[in-house]
Amino acid sequence: MVVSLGNGEEALFWKDHWIDGARVVDIAPNLAALVSKRHDNSCSIKEGFGGEWMRDCGPNLGAAAVPEFFVLWNAISDILLSPDQEDVFRWRWTADGIYSANAYGAFFAGTTMAPVASQIWRSRAPYSCKFFAWLASRNRCWTADRLQRRGLPHPAACPLCDQEPESIHHLLLGCVVTREI
Ligand SMILES: [Zn+2]
């Protein structure tokens with residue numbers, strides 16, 4: 001089941017698939033391993049956003065979990081709760097999100113999160129690269145289009161080609177200079 005986040009009161013921070021279809025353990029396995037079962041089963045996403053998740057896993061993180069702490073911090077920093085809506089749990093293997101017996105077979109196929117998330121987080125790339133790929137896939141890099149939306153100073157055109165507006169899509173795929181490289 002994946003969670004469409006509402007007020008965050010029902011979905012569980014550590015257990016449910018709520019970060020673009022992924023669980024915390026998919027993104028930050030070493031960090032998630034530090035959390036006790038009791039907290040695992042009780043910390044709602046709303047409580048997590050109130051700071052509970054940092055108490056659940058701290059204070060002695062260890063070398064493996066420290067970078068994951070920041071990865072998780074960043075991965076959830078743009079996620080907003082909708083206080084007037086309830087969390088909705090959707091069945092991920094049917095288009096309408098409603099359970100069907102056929103789709104039940106897919107439960108055992110081993111696919112438990114969004115394909116892109118799985119490819120990124122399970123790769124052997126260094127964390128900085130995984131994190132960049134994650135941000136790029138979510139269109140959350142601080143390129144000119146994003147800076148503009150937030151009313152921040154930004155270059156008028158792509159600094160590489162000076163022809164088109166800078167966006168992460170342009171920088172990685174569209175830019176003539178990138179394609180040369
Ligand atoms: Zn360009």
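Is F13 buried or exposed? In this predicted model, F13 is buried, with a relative accessible area of 0%, and its partner in an edge-to-face aromatic pair is W14, the two rings lying 5.0 Å apart centre to centre with 75° between the planes. W14 is likewise buried, at a relative accessible area of 4%. Both residues belong to one aromatic cluster, which also comprises W18, F49, W53, F69, F70 and W73.

A further aromatic pair is formed by W121 and W134, whose arrangement is tilted, with 5.3 Å between centres and 55° between planes. Because W121 lies in helix 7 (residues 115-122) and W134 in helix 8 (residues 127-137), this pair ties together parts that are 13 residues apart in sequence; W121 and W134 are both buried. The count of aromatic pairs comes to eight. Charged side chains also sit over aromatic rings: the charged end of K130 is placed over the ring of Y127, 5.0 Å from its centre, and that of R146 over the ring of W142, 4.5 Å from its centre.

Since C158 lies in the loop between helix 9 (144-149) and helix 10 (168-174), whereas H170 lies in helix 10, the pair ties together parts that are twelve residues apart in sequence. C158 is buried, with a relative accessible area of 1%, and H170 also counts as buried, at 5% relative accessibility.

Methods:
Residues numbered from 1 in each chain as written. Predicted model: local features only at pLDDT ≥ 70, side-chain atom pairs only at ≥ 80, totals over all residues. Heavy atoms only, no water. Helix = DSSP H or I, 4+ residues; strand = E, 2+ residues; numbered from the N terminus. Buried < 20%, exposed > 50% of the residue type's maximum accessible area, 1.4 Å probe, protein only. Phe/Tyr/Trp six-rings, centres within 6.5 Å; stacked < 30°, edge-to-face > 60°. Lys NZ or Arg CZ within 6 Å of the ring centre and 35° of its normal.
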